[in-house]
Amino acid sequence: MQIPAQRVDSQPIKTGLVLGGGGARGCYEIGAWQAFHECGVHFDCVAGTSIGALVGAIYVQHTLKPLVDFVYTMSPAMIAEGMPEMPDSLRDIRSHREELIRFFQKYIRQGTDISPLKDAIHRMFDWTLFSESTVDFACMTINVTKMQGEAFFKKDMTEENAESVILASASCFPAFPMLKMGNDYYIDGGMEDNLPIGLAQEMGAQKIVAIDVHGPGREKPLPSDGSVVYMQPVIDLNNFLDFREDSCVRSLHLGYLETMKRYDRFCGYVFTFTQPSWPRLYMISQYVAMHLDRYGITPDNALAARCFHMTLGYDPAPLNNRYMDNYAGGRLIEALALAVGVEPVQLMSLEYFLTSLKDRTDRIPPLKQPGKIRQSLSLLQSSSHDQIISFLHAALVHHGGRLPMVLEPLRKLFETEYILACTWYCLKDYLK
């Protein structure tokens, strides 16, 4: 994916970056910026909402390091005074139950004190760098006093109000308080336009990259003229209020890895491989895809989506680059790796991936192969996905690549696990 360097009427095409709102998920946008920098991709203007406005304002300055350092030292207390951890996991929420209760009781009485976020913006924002930069800027807010969306453009901002404008766009009401500027009150612009492509167009952008991290808010339809390259996380990000350091660093890594894949610098889909891994990865993918045919399995995107849904619990977003058209078998291998617990959020060589896959499959507790179908069915119904895959793979190994007749009904009952067991068998056959 590249922003073309074409010219229209001898004038260079103006490029725009649009950064959506999404709280802690905005760390993904910082990782994407790292990748843009490495790929030599530059934008003439940037528009954002909420955390996208903050990241966008710092992008105008070309000062990436303070944002990265901010992520690597992140904690809920750096966003709001006394803010507790707010993870997705019900188990983690229960473990922080008392802390959450105290915070919400204080929130009801006094509201949220976001002075830590104000201080962070003040440390990172430099009016001189911002105003003198050739990169244009706009952000979206909602003017509560006038009950309407209100956009702020760089040309309208001053040294006195700039930080307040950025904070206004990021004031995610009611979690964060309204912000007063002049006689009006403002809140997060997400409910007006959480992915403000229109603002980039108003600044003259003809080619736009828009990053949607799926924060709460309203999104307008994408232009249908091909002027916008739409990016979204392939792997789901954590709760938008999860400001724990490990969660924010994970989002940053995902933004970097997935953007590098979109620009063909890395390969893989959910997993990320170094570019030198591609020739052998391509051969393995083609071999597995070809040999799955003997099992009546034709790898395609729909089949891979079923396997990913089983392992992730959702369908990962599409990712387009020059590798994906020749990666049908590779997608199934990645789904197998996820099913057995290989960690995807890292850059790895193919050799490291295969070693990790072998290590994880070797750790799966083996299931005894019963002699009767009813016993096998009862055993598998109480087993995890990785154990079912391992059981079916062992049956394939013991019977020369075929299920014995007595286990043949399991092929339909556990169809997705069977597909991944066959993928495993073909992969091991290749690696011999």
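Author: What follows treats the cavity and its lining, and then turns to a pair of helices. In this predicted model, a search of the whole structure finds 1 cavity of 30 Å³ or more, and the largest cavity has a volume of about 280 Å³. Its lining is made up of 25 residues, and those that lie nearest the centre of the cavity are Gly23, Ala24, Ser50, Ile51 and Phe243. Considered by element, two or more residues of the lining come from each of helix H1 (27–39), helix H2 (51–61) and helix H3 (64–72), with H3 giving the most, namely 3 residues. Considered by class, the lining of the largest cavity has 18 nonpolar residues, together with 6 polar and 1 charged.

The helix contact lies between helix H12, which covers residues 278–291, and helix H15, which covers residues 350–363. These two helices pack at an angle of about 45°, and their axes are 10 Å apart. Because angles under 35 degrees count as roughly parallel and those from 65 to 115 as roughly perpendicular, the angle makes H12 oblique to H15. On the H12 side the contact is made by Arg280, Leu281 and Ile284, and on the H15 side by Leu350, Glu351 and Leu354. Sorted by class, the residues of the contact of H12 with H15 comprise 4 nonpolar and 2 charged, with no polar residue among them.

Note on methods
Residues numbered from 1 in each chain as written. Predicted model: local features only at pLDDT ≥ 70, side-chain atom pairs only at ≥ 80, totals over all residues. Heavy atoms only, no water. Axes fitted to C-alpha atoms, helices over the stretch in contact; angles between N-to-C directions. Helix = DSSP H or I, 4+ residues; strand = E, 2+ residues; numbered from the N terminus. Parallel < 35°, antiparallel > 145°, perpendicular 65-115°, else oblique. Contact = heavy atoms within 4.5 Å. Nonpolar A, V, L, I, M, F, W, Y, C, P; charged D, E, K, R; others polar. 1 Å grid on protein atoms, 1.4 Å probe; cavity = no way out; pocket = protein on both sides within 12 Å on 5 of 7 lines; lining within 4 Å. Points joined across faces, edges and corners; volume = space filled by probe spheres on them.
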